[in-house]
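Student: I have the sequence and the model open. Could we go through them by question and answer?

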Amino acid sequence: MIHPSHLKEAARSLLASKQRTILALIGIVIGIGSVIAMVSVGRIVQEESLRQFKEMGTDILTIEKEFGGSGPPGMPGAPAAGAAAKAALRLATILAIPSRCPGIAAVAPSVRGSGDISFAGKKLERCSPMGVTASFLDINKLTMRKGRFLSDLDEQSRYCVIGSQVAAELQKQGASQLLGSKIRLGDNLFTVIGVTNEVPQGGMRRFEPNEMIYVHITTGLRVFANAEIQSITARVSNGTTNNAARDQVMAYVASLGKGQTVRITSPEEIIAQMEKQMQMFTLLLGAIGSISLIVGGVGVMNVMLVSVTERRREIGIRRALGAKRGDIRGQFLIESVILSLIGGLFGIIFGIGASWLIAHFAKWQFALSFSAILLGVGVSNAVGIFFGYYPARQASLLDPIVALKSD
Amino acid sequence: MLTLRDIRKSYRIGPTEVEVLKGVSLEIQQGELVSIMGQSGCGKSTLMNIIGLLDRPTSGSFMLDGAEVSYSNDDTLSEIRNQRIGFVFQQYFLLSRLTALENVALPLVYRGDKGTNSHERCMELLKRVGMADRAQHRPNELSGGQQQRVAIARALVGNPSLILADEPTGALDTNVGGEIMELFKTLNAEEGITVVIITHDPGIARQCKRVAVMKDGVILS
């Protein structure tokens, strides 16, 4: 039984006990706010990652050497001993992929190095060496800020190209001129010949482009400890599906007959996997938010119980004037729903504000999630009804005579 | 219009059962101005609660406008209170957050009245009790007598067949109490509204056309 005057009444009685109302609201605001913030941050992260994926292109396959495990089924005679010590993929074999597999337009194998890196005797933090080919720049959608990238003529050279983070580090260490600076990798000195532009974090790349020191792959294979090509980025030719290209590569690797196997990941798979992860994330965060909502709801229930006790006489008067039990219950339910809706409203503002801030500092693109807002309104409504029902019922069951006599 | 026959009411207090009303029979005609008088503890409040349908008798029959009402369910009792009984209480019992006008309109809210002409109806009644100029005042801005006038307007707003007043002058000084009694008398004389006043004050009771004296749970005369 909702009467327009009930709404006015509810607002008025909530205003009459402002302090208590505000205190009860805090719980709801935090609860709804965190649900909203978490759900919409989840959405933002998801959209951001997908955006970066799309930026990289969906025609990129990642080919990785498979360690351990058995060979793919249908390959009898795969050497069982191969497990950890499978023969390395040879550079020439990899570079031959585009000519042997028509579905692959270009490949960019890479090899990762480790060890101390220093400049002018000072250790450089947060950077890591990588051996690459000339095709690496294009396939990974990197661009040059200064100088040039490594070319096929740089085989076995001691040249390197650095990411923007490394460049900043060098400047911090006092490099007046980036190009021509000498960086020490282990026992070798490398001359900087180029700097790549800064790349936003995340996405499909399996490395942090800004923190890389690129050397030619032939150099890398020679100077890095235990160097082995582990990851190849390949661009699929126009008009070939990712699956077809993958099959060609699989067949080619198998035809080498050395028991080598590779794992090939397409962007679709990574996106699907990521979406699944995000879904779990969102659910988990939603659950955490729900717990704070229960706490907020108990706060609402408490306020409503106090309100019912304080207004026993009012309840008695209303009952004497003809209010049915349902009217009284409705009145208090409306109050608790309005209470939690107000909390929900502030919570939505708080949550959106928080997710905006998070997005701002993480340099993600902010996106307003309408489903989160709907969720906030819906959930606060439900909290109001759920936690308001018991006090409202208590109010409706008061004996009018007893209620009238109380003060 | 109102017939009580052998109404009994007992309360259980711990192991003992206390009979507060021991067979009250009373008949009140349409348009009467009756007072039910008695010392405190004689059971008149209990009787008033039963007449006002706020409580049910343990046994006996209560006919209102020719229909047995005492044993109806809670919702029906609420409806009858709302439609046919106007309450006036000793402590006025206005809702402090509402204006005089809104207080008067309160019974109409529970009729599912959409409020189209309720405003006019309420103003008319405030005028009737001499409170039209205070319509927008809240109870704490009004004197006791003024509050009781507003309460009377509220009792009248639903066009009840019975006004039930419980010590309506009990919290007022003699002069103001007299004015309130005059108002009851006028309403009774001019509009033929049935008024039942419960009081312990013989002075008040004497102003009514008929006095029912209660003692120890029964009506003496």
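**Contact between the chains**

Tutor: This is a predicted model. In it, the contact takes 17 residues from chain A and 17 residues from chain B.

Student: Which helices of chain A each supply at least two residues of the side that touches chain B?

Tutor: The side of chain A that touches chain B divides by class into 7 nonpolar, 4 polar and 6 charged residues. At least two residues of this side come from each of helix 1 (4–16), helix 11 (312–320), helix 12 (325–361) and helix 14 (400–405) of chain A.

Student: How many Å separate the centres of domain 1 and domain 2 of chain A?

Tutor: The domain assignment of chain A gives domain 1 as 4–54 + 272–405 and domain 2 as 67–260. Taken over C-alpha atoms, the separation of the two centres is 53 Å.

Student: Is A:Gln156 buried or exposed?

Tutor: A:Gln156 lies in the loop between strand 6 (144–147) and strand 7 (159–162) of chain A. Its phi is near 65°, a positive value in a residue other than glycine. A:Gln156 has 11 C-beta neighbours inside 10 Å, so A:Gln156 is exposed.

Student: And B:Tyr92, buried or exposed?

Tutor: B:Tyr92 is in the loop between strand 6 (85–88) and helix 3 (100–109) of chain B, and its phi is also positive, near 65°. The cut-off for buried is 20 or more other C-beta atoms within 10 Å. B:Tyr92 has 23 such atoms, so B:Tyr92 is buried.

Student: Is helix 3 of chain B parallel or oblique to helix 4 of chain B?

Tutor: Helix 3 of chain B and helix 4 (residues 118–128) of chain B pack with their axes 9 Å apart, at an angle of about 120°. Angles of 65 to 115 degrees count as roughly perpendicular and those over 145 as roughly antiparallel. The angle therefore makes helix 3 of chain B, relative to helix 4 of chain B, oblique.

Student: How many charged residues has the contact of helix 3 of chain B with helix 4 of chain B?

Tutor: Helix 3 of chain B contributes B:Ala100, B:Leu101, B:Val104, B:Ala105 and B:Leu108, and helix 4 of chain B contributes B:Ser118, B:Cys122, B:Leu125 and B:Leu126. By class, this contact has 8 nonpolar residues, 1 polar residue and, of charged residues, none.

Student: How far apart in space are B:Glu190 and B:Gly31?

Tutor: B:Glu190 is in helix 6 (residues 174–191) of chain B. In sequence, B:Glu190 and B:Gly31 are 159 residues apart. From C-alpha to C-alpha, their distance in space is 10.0 Å.

Methods
Residues numbered from 1 in each chain as written. Chains lettered and ligands numbered in written order. Predicted model: local features only at pLDDT ≥ 70, side-chain atom pairs only at ≥ 80, totals over all residues. Helix = DSSP H or I, 4+ residues; strand = E, 2+ residues; numbered from the N terminus. Buried ≥ 20, exposed ≤ 12 C-beta atoms within 10 Å, placed from the backbone. Contact = placed C-beta atoms within 7 Å. Nonpolar A, V, L, I, M, F, W, Y, C, P; charged D, E, K, R; others polar. Domains from an automatic or database assignment. Axes fitted to C-alpha atoms, helices over the stretch in contact; angles between N-to-C directions. Parallel < 35°, antiparallel > 145°, perpendicular 65-115°, else oblique.
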